[in-house]
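Hello,

Here is the structure I said I would pass on. Please open it first and then read the notes below it.

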Amino acid sequence: MPTPVEDEFSQRLSGFSSAPFLFVGSGMSRRYYDLPDWPTLLKELCGLVGINFQRISTQVSGDLPSIASVLASEFHPIWFENRQFEKSRRKFEGIARVISDPLKFEAANIIASKDKFNEQYAEEIDNFSKIVIDGVITTNYDTLLERVFGEDLKAFIGQSSMLKAPVQKIGEIYKIHGCITKPQSLTLTLEDYKEFNRRNFYIAAILTQIFTEHPIIFLGYSISDPNIRTILSNIVENLDAELLNAMSDRFFFVERCNSPHEEAILPTLMHFGSIQLPVTKIKAFDYSNIYRPLMGFQRSISPKILRLFKETAYTIALQKSPEKRILTAELSPKTDSELEFVFGHGVMEKSGLKGVFGIDRDDILQYVINGESAYSSEDLWLGLRNVSKNQRLIPSCSILVKTGRAKFVDGGWQISLPDDLTQNQKQVIMKSFLYDESEYRYSSSYQSVLDFRKENKNVKDVIRNYGRGIESLKRMAWLKMRDIEISDLREYLINIHADSLGNFHTVYVKLIMMLDFLENAYQSEKPKKAKLL
């Protein structure tokens with residue numbers, strides 16, 4: 001039977017036509033991951049190198065961003081010289097750019113080491129994963145939200161990623177203060193916050209639109225949280241009366257209480273100068289009472305697919321001749337060899353179109369690394385053939401094997417590809433099956449490879465001797481294929497920060513192609529040459 005809070009919250013939500021957005025703060029990470037809050041994280045970082053936190057705090061009157069800036073300056077030389085950070089240096093040294101980077105690297109390591117779910121809240125976490133929302137905004141650094149919501153929501157990390165790629169405001173997570181998967185993106189120091197505020201106008205514009213169109217549920221923040229007050233103040237102080245009215249009563253602040261008897265829903269006001277913003281405070285002991293009403297939203301299309309539609313339509317509309325590349329129809333549209341996307345129900349198979357525009361190479365790479373995808377094998381095939389038009393390196397073994405387009409017959413692979421593919425597309429797709437161990441290697445003399453193999457017999461040896469950064473990436477393919485444990489290689493690739501590889505991204509892609517070949521096509525060290533039927 002629903003609790004009074006659950007029942008009243010359901011009634012409140014029924015008055016909105018759109019699904020909610022969440023605004024998630026550090027209280028959620030402390031609840032479900034036992035992660036430190038910001039002051040505790042800074043104290044832990046001080047403890048790593050024996051720096052007195054209280055000394056720094058009194059220097060800057062307790063201002064946390066300023067504490068982080070002073071700490072970054074003192075931490076920097078120690079990180080580069082102390083043997084304690086040797087493993088971390090191997091992982092990150094090649095990408096360190098500014099004085100605060102070492103501090104951010106170690107902050108990311110601390111948070112990553114604690115990302116284990118608190119079993120006390122297992123039922124709550126399960127219910128959390130089932131809620132129906134349109135997206136999430138968060139100032140948290142950790143990957144809790146990605147683990148809970150999986151591939152249903154696409155993460156944008158930091159302001160720069162939101163500026164580089166058009167956001168669709170559905171099916172997305174906005175990690176506005178960065179993420180540990182890209183440590184240099186973390187908004188941590190005073191300088192970071194100044195830069196964040198300098199570029200805040202774009203995020204403010206996005207948030208204003210979200211705030212006026214969706215109910216917003218704040219989880220893990222106090223209503224007096226300075227971060228939230230600053231963000232809201234920058235927005236509401238620049239709105240006219242009409243937009244302020246549209247935002248009225250859309251904000252729900254969920255705060256933890258100490259017992260079920262204290263649960264309640266209370267109206268309150270937030271004050272920003274002369275502006276009063278009506279909000280609702282929800283005091284909750286069991287957060288499932290908040291999640292169950294959110295599980296009741298009905299949606300026929302997932303946020304991921306809705307975002308894909310919006311993103312694709314936007315991208316095509318920007319092209320010089322969009323009318324040649326998109327077809328809208330209710331049923332059975334006529335086939336056109338130039339069309340790349342269809343809006344409608346049940347038309348994909350009938351249209352004979354060339355590809356799923358929204359599946360890009362990154363989707364295929366992540367599919368190979370993770371061993372699974374939200375897309376079907378046939379959808380991935382359609383994406384593969386579309387991507388093969390403009391990419392030279394794409395893993396294709398798993399997709400071709402699982403769709404029956406590659407079969408191992410009489411000691412060799414036989415590949416069946418459609419005649420309407422160009423010769424170049426066929427060569428790109430076939431490349432994964434044309435076994436050549438040297439093709440996957442980062443360039444080096446053969447003698448260097450032989451010397452390397454004397455000391456490194458498997459993936460774990462390479463990681464132990466060269467860390468998990470660029471140095472191991474360059475050498476991993478020097479191993480003999482027969483000595484590579486697939487699970488070890490997969491775990492290694494999952495933990496690589498791909499966006500920070502710069503000129504070595506091609507080496508990373510080749511290693512993923514090797515994983516794909518080993519897992520799906522490797523039969524012997526001297527196989528017959530793959531044949532195109």
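The crossing of helices α3 and α5 is left-handed. Keep in mind that this is a predicted model.

To place the two helices: α3 covers residues 38-49 and α5 covers residues 64-81. Their axes are 11 Å apart, and the packing angle is about 20°. Angles under 35 degrees count as roughly parallel, so α3 and α5 run roughly parallel to each other. Which residues meet where they pack? From α3 they are Trp38, Pro39, Leu42, Leu45, Cys46 and Val49. Their partners in α5 are Leu64, Pro65, Ile67, Ala68, Leu71, Phe75 and Ile78.

Next, the aromatic rings. Searching the whole structure gives 25 aromatic pairs. One of them is formed by Phe9 and Phe252, whose ring centres are 5.5 Å apart. The planes of Phe9 and Phe252 make an angle of 70°, and the pair is edge-to-face. This pair links distant parts of the chain, since its members are 243 residues apart: Phe9 belongs to helix α1 (residues 4-13), and Phe252 to strand β6 (residues 251-256).

Are these two residues buried or exposed? Buried means under 20% relative accessible area. Phe9 has 0%, so Phe9 is buried. Phe252 has 2%, so Phe252 is buried as well.

Ring pairs also join Phe23, Phe211, Phe218, Tyr221, Phe251 and Phe253 into a cluster.

Last, a charge over a ring: Arg31 lies over the face of Tyr287, 3.9 Å from the ring centre.

Regards

Terms used. Residues numbered from 1 in each chain as written. Predicted model: local features only at pLDDT ≥ 70, side-chain atom pairs only at ≥ 80, totals over all residues. Heavy atoms only, no water. Phe/Tyr/Trp six-rings, centres within 6.5 Å; stacked < 30°, edge-to-face > 60°. Helix = DSSP H or I, 4+ residues; strand = E, 2+ residues; numbered from the N terminus. Buried < 20%, exposed > 50% of the residue type's maximum accessible area, 1.4 Å probe, protein only. Lys NZ or Arg CZ within 6 Å of the ring centre and 35° of its normal. Axes fitted to C-alpha atoms, helices over the stretch in contact; angles between N-to-C directions. Parallel < 35°, antiparallel > 145°, perpendicular 65-115°, else oblique. Left-handed = near helix turned anticlockwise from the far one by under 90°. Contact = heavy atoms within 4.5 Å.
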